[in-house]
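Student: Hi! I'm new to this one, could you walk me through it?

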Amino acid sequence: AGIKIEPVGEQVSSETASSAMTTGIVQANAYRATPVVSLVGGILRRVNVELGQAVSRGQTMAVVFSDELAQAQSRYLTAQADLEEHHKHHARTIKLVEIGAASREELEQATTKLRSAESELASQRQRLLLLGLSPQRISSLRSAEQVSSEVSLPSPVSGTVIARSANPGEVIQADKEILRIADLSSVWVIGQVYEKDLGRIKVGSGASITSEAYPGRVFRGRVSYVDPTLDPATRTAQVRIELANPGQTLKMGMYVNVAFATLGGAQSIVATVPANAVQNINNQQVVFVALNEANAFAMRPVRVGPETNGRYPVLEGVSVGDRIVTEGSFLLRAEWLKSHPSQ
């Protein structure tokens with residue numbers, strides 16, 4: 001019969017909206033955004049991910065070919081060989097001292113050189129770690145044949161790729177940001193609030209976010225920052241709302257509406273239904289609620305407010321989350337009238 005069932009939605013009440021309201025733009029939570037940086041200069045060989053792609057911590061994001069890295073590995077191997085030689089020389093000097101063939105001064109000199117070689121190797125190892133080689137790869141480095149000019153750039157966190165600033169074949173400098181990864185399960189909404197409304201807003205107060213993309217849905221957040229400086233041109237201050245973003249429903253750059261709770265109060269939320277869900281029977285507005293049993297519906301009288309953007313706020317009759325018939329409600333009305341001809 002083409003019947004479609006949807007849950008009753010919600011919207012900010014007119015009382016709350018009139019208290020303090022503005023528009024805002026959805027942005028990534030900057031505290032949960034991490035760059036993928038190349039610590040060596042060289043040629044970008046590969047970029048393995050695309051914008052918007054979900055990635056896991058440790059996943060290889062890109063590969064850089066770097067002569068600097070190869071030279072650092074060679075210096076590490078040289079320091080490693082020097083340390084082995086100083087270990088042998090130190091051990092020989094100890095035996096010579098024991099039989100009187102070497103002086104204590106010579107042993108002290110050998111010990112000093114050994115400690116210096118150990119320090120040099122540790123320094124070269126730390127350099128390789130800073131350039132992006134893993135501890136396992138450094139530990140296995142024993143000969144010149146194992147020297148590689150390629151370094152992989154792993155993702156430092158799990159999240160979504162929100163920026164890409166380089167492409168394969170580019171010559172990049174050290175400390176170049178290649179990508180940016182963000183955890184989009186939490187986002188910011190940045191709004192501009194007029195000077196006259198700032199007295200109603202404080203850090204920690206609640207805010208309700210609505211979007212034309214998701215009619216009948218309200219996202220709840222908290223004010224996490226109020227800019228202490230007004231823009232002299234617009235007489236507004238920037239206000240940041242932090243909120244959960246399950247399923248990454250809110251997209252970066254999306255325009256939204258923001259309603260702030262009054263100080264010491266809370267946002268007032270009302271149920272809302274599509275206009276085509278409401279039918280009129282005997283001068284009474286009704287909706288049809290889906291029951292738990294299949295293909296069974298109950299007619300329920302409702303009291304609604306003025307229609308806005310194709311939806312009615314429901315003042316009485318149903319609650320947020322109730323399952324009602326949207327498309328096909330006219331058919332149910334006709335069936336009900338057939339079975340109640342006297343009405």
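Tutor: Happy to; what follows is a short tour of a predicted model.

Student: Let's start inside. Which residues have the most contacts in the largest nonpolar core?

Tutor: They are Leu-44, Met-61, Val-64, Leu-128, Ile-178 and Leu-179, in a core of 31 residues. The elements that give two or more residues to this core are β5 (42-47), β7 (60-65), α2 (67-98), α3 (104-130), β8 (150-154) and β11 (176-182).

Student: And which of those gives the most?

Tutor: That's α2, with 6 residues. Apart from this core lies another one of 18 residues, including Val-189, Ile-209, Val-239 and Phe-260.

Student: Back to Leu-128. Is Leu-128 buried or exposed?

Tutor: Leu-128 is buried, because its relative accessible area is 0% and the cut-off for buried is under 20%. You'll find Leu-128 in helix α3.

Student: What does Leu-128 touch there?

Tutor: Setting aside neighbours within four places in sequence, Leu-128 is in contact with Leu-69, Ala-72, Gln-73, Tyr-76, Leu-133, Ile-138 and Leu-141.

Student: How far is Leu-128 from Leu-44?

Tutor: Their C-alpha atoms are separated by 19 Å, and the two residues are 84 apart along the chain. Leu-44 has its own set of contacts, among them Ala-62, Val-63, Val-64 and Ile-178.

Student: OK, new topic: the surface. Which residues form a nonpolar patch there?

Tutor: Ile-3, Ile-5 and Leu-331 do, with about 190 Å² of accessible area together. Ile-5 is in strand β1 (residues 5-7), and its relative accessibility of 33% makes it partly exposed.

Student: Which residues does Thr-326 touch?

Tutor: Ile-5 is one of them, and the others include Lys-4, Glu-6 and Pro-274, not counting residues up to four places away in sequence. Thr-326 is in the loop between β23 (323-325) and α5 (329-339), and is buried at 3% relative accessible area.

Student: You mentioned Pro-274. What is the bridge partner of Pro-274 in β22?

Tutor: Arg-311. Strand β17 (residues 269-274) and strand β22 (residues 311-316) run antiparallel and are joined by 4 bridges. These two strands sit in an open sheet of 4 strands, ordered β2-β17-β22-β21 with antiparallel pairing.

Student: Which strands stand at the edges, and why?

Tutor: β2 (9-12) and β21 (303-304), because each has a single partner strand, so one side of each has no neighbour in the sheet.

Student: What about charges? How many salt bridges are there?

Tutor: The count comes to 13. Side chains of opposite charge can pair when their charged atoms come close. One example is Arg-303 with Glu-316, at 3.4 Å from N to O. That pair links distant parts of the chain, since Arg-303 is in strand β21 and Glu-316 is in strand β22, 13 residues apart.

Student: Which residue does Arg-115 form a salt bridge with?

Tutor: Glu-118, with the closest N and O atoms 3.6 Å apart. Both are in helix α3 and they are 3 residues apart, so about one helical turn separates them.

Student: Last one: where is Arg-57 found?

Tutor: Arg-57 is in the loop between β6 (54-55) and β7. Arg-57 counts as exposed, because its relative accessibility is 66%, and the cut-off for exposed is over 50%. Beyond its neighbours within four places in sequence, Arg-57 is in contact with Ser-155, Pro-156, Val-157 and Ser-158.

Terms used. Residues are numbered from 1 along each chain as its sequence is written. This is a predicted model: local features need pLDDT of at least 70, side-chain atom pairs count only at pLDDT 80 or more; totals for chains, interfaces and linings use all residues. Side-chain values use heavy atoms; hydrogens and water are left out. A nonpolar core is a set of buried Ala, Val, Leu, Ile, Met, Phe, Trp, Tyr and Cys residues joined through side-chain atoms within 4.5 Å. Buried means under 20% relative accessible area, exposed over 50%, partly exposed in between (1.4 Å probe, protein chains only). Contact means heavy atoms within 4.5 Å. Patches are made of residues with over 30% relative accessible area and no salt bridge: like charges are joined within 9 Å, nonpolar side chains (Val, Leu, Ile, Met, Phe, Trp, Tyr) within 5 Å. Accessible areas come from the Shrake-Rupley method with a 1.4 Å probe; for residues, only the protein chains shown count as cover. A salt bridge is a side-chain nitrogen of Lys or Arg within 4 Å of a carboxyl oxygen of Asp or Glu. Two strands pair if DSSP finds at least two bridges between them.
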